[in-house]
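Subject: Structure handover and findings

Dear colleague,

Please find below the structure that I am handing over to you. My findings follow directly after it.

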Amino acid sequence: EKMSSGNGVEVREVLLNELRQAISINFSEARKVLAERSETHKDVYGFIFQRIMDDYMIKYSHGSKISELPIRELIELILWSCETGYIDIVPVFLVFEDMFNAFTITDCCIAFEVLESNHKKIAEQLSISTKKSSWGELTMLRFCNELLRRVSKCSHVEFSGRVLCFLADMLELTARSGVNTASLVNESNTTEYELDETSTSQLDPSSNDKKDEKEEKEEE
């Protein structure tokens, strides 16, 4: 019987239970389940992956350590599903967002390594010029900016740099998020510096004329 038949909620629950059972065996079995149900709507897979990630986040909130959860395997399964066309890029980033919102900053540093190691796969999906990829970029920017907001500027300098490097690697130079479209300038940010005589003459040509006049008077 095809999964597309019957009530939509029942379809999701059946596939969710099948995928949970397959993951409990190994993630290769999970890929087989996804391949067998390839006709399932993409939105259903996005919902299912969020539910599975929620399962892990509940275990995490109850005391499980990040090293005890198959986070890397799940993320790689989700990215594989995106590559094969089972889901779009948007639910992928929504799962990432849920994960980072639940983790402490220390564990976010660990989990972020999975995104960094798969940055080529993610960038490839974002490079597809569609409305979905634009939504994906916005979701990615949202959770990355939230990470930057949460980290300490003194204690997590390295992690902040990793997040910024990841964004720079994912987005094009012409991406709207990195362009000052409104031409706004921070006028309150002033820089005070001292100039020696040489630097002053280079910036103000008229100072050379004054210097020459002074030397002529001294010769007279």
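Read along the sequence, which pattern does the chain follow? The pattern is α-α-α-α-α-α-α-α-α-α-α. Please note that the model is predicted.

**Overall composition**

The chain's secondary structure amounts to 11 helices and zero strands. Of the 220 residues in the chain, 36% are buried. When contacts between residues at least 6 apart in sequence are considered, 67% of them link residues at least 24 apart.

Helix α4 covers residues 71–83 and contains 13 residues. From its first C-alpha to its last, α4 reaches 18 Å, close to the 18 Å expected at 1.5 Å a residue. The buried residues in α4 are Ile71, Leu74, Ile75, Leu77, Ile78, Leu79, Trp80, Ser81 and Cys82. Just after this helix, Gly85 adopts a positive phi of about 90°.

Two packed helices are described by the angle between their axes and the distance between the axes. For α4 and α5, the packing angle is about 165° and the axes are 9 Å apart. An angle over 145 degrees counts as roughly antiparallel, so α4 is roughly antiparallel to α5. On the α4 side, the contact is made by Ile71, Ile75, Ile78, Leu79 and Cys82. On the α5 side, Ile89, Val92, Val95, Phe96 and Met99 take part. The crossing in which α4 passes α5 is left-handed.

Helix α6 spans residues 105–117 and has 13 residues. The distance from its first C-alpha to its last is 19 Å, close to the 18 Å expected at 1.5 Å a residue. Ile105, Asp107, Cys108, Cys109, Ala111, Phe112, Val114 and Leu115 are buried in α6.

How do α5 and α6 cross, and within what distance do their axes come? The axes of α5 (residues 89–102) and α6 come within 10 Å and cross at roughly 160°. The two helices are therefore roughly antiparallel. Their crossing is right-handed, whereas that of α4 and α5 is left-handed. In this packing, Phe96, Met99 and Phe100 of α5 meet Cys108, Ala111, Phe112 and Leu115 of α6. Phe96 and Met99 also belong to the contact of α5 with α4.

Phe100 is placed in helix α5. Is this residue, Phe100, buried or exposed? Phe100 counts as buried because its relative accessibility is 1%. Leaving aside neighbours within four places in sequence, Phe100 is in contact with Cys108, Ala111, Phe112, Leu115, Phe143, Leu147 and Arg150. Between Phe100 and Glu146, which are 46 residues apart in sequence, the C-alpha to C-alpha distance is 9.0 Å.

Glu113 lies in helix α6. With a relative accessibility of 41%, Glu113 counts as partly exposed.

Helix α7 (residues 119–126) packs against α9 at an angle of about 45°, with the axes 9 Å apart. The two helices are therefore oblique to each other. The contact is made by His119, Ile122, Ala123 and Leu126 of α7 together with Phe166, Asp169 and Met170 of α9.

Leu171 lies in the loop between α9 (157–170) and α10 (197–203). At 14% relative accessibility, Leu171 counts as buried. Apart from neighbours within four places in sequence, Leu171 is in contact with Glu137, Met140, Leu141 and Ser177. Leu171 and Ser127 are 44 residues apart in sequence, and their C-alpha atoms are 8.8 Å apart in space.

**Cysteines**

How many disulfides does the structure hold? There are zero disulfides. A disulfide is a covalent bond between the sulfur atoms of two cysteines. Cys144 counts as buried because its relative accessibility is 0%. Cys154, at 71% relative accessibility, counts as exposed. Cys108 and Cys109 are among the buried residues of α6, and Cys82 is one of those in α4.

Yours sincerely

Note on methods:
Residues are numbered from 1 along each chain as its sequence is written. This is a predicted model: local features need pLDDT of at least 70, side-chain atom pairs count only at pLDDT 80 or more; totals for chains, interfaces and linings use all residues. Side-chain values use heavy atoms; hydrogens and water are left out. Helices (H or I, at least four residues) and strands (E, at least two) are DSSP runs, numbered from the N terminus. The expected span of a helix is 1.5 Å times one less than its number of residues. Buried means under 20% relative accessible area, exposed over 50%, partly exposed in between (1.4 Å probe, protein chains only). A disulfide is a pair of cysteine sulfur atoms within 2.5 Å. Axes are lines fitted to C-alpha atoms, for helices over the stretch in contact, and angles run from 0 to 180 degrees between N-to-C directions. Angles under 35 degrees count as roughly parallel, over 145 as roughly antiparallel, 65 to 115 as roughly perpendicular and the rest as oblique. A crossing is left-handed if the near helix is turned anticlockwise from the far one by less than a right angle, and right-handed if clockwise. Contact means heavy atoms within 4.5 Å.
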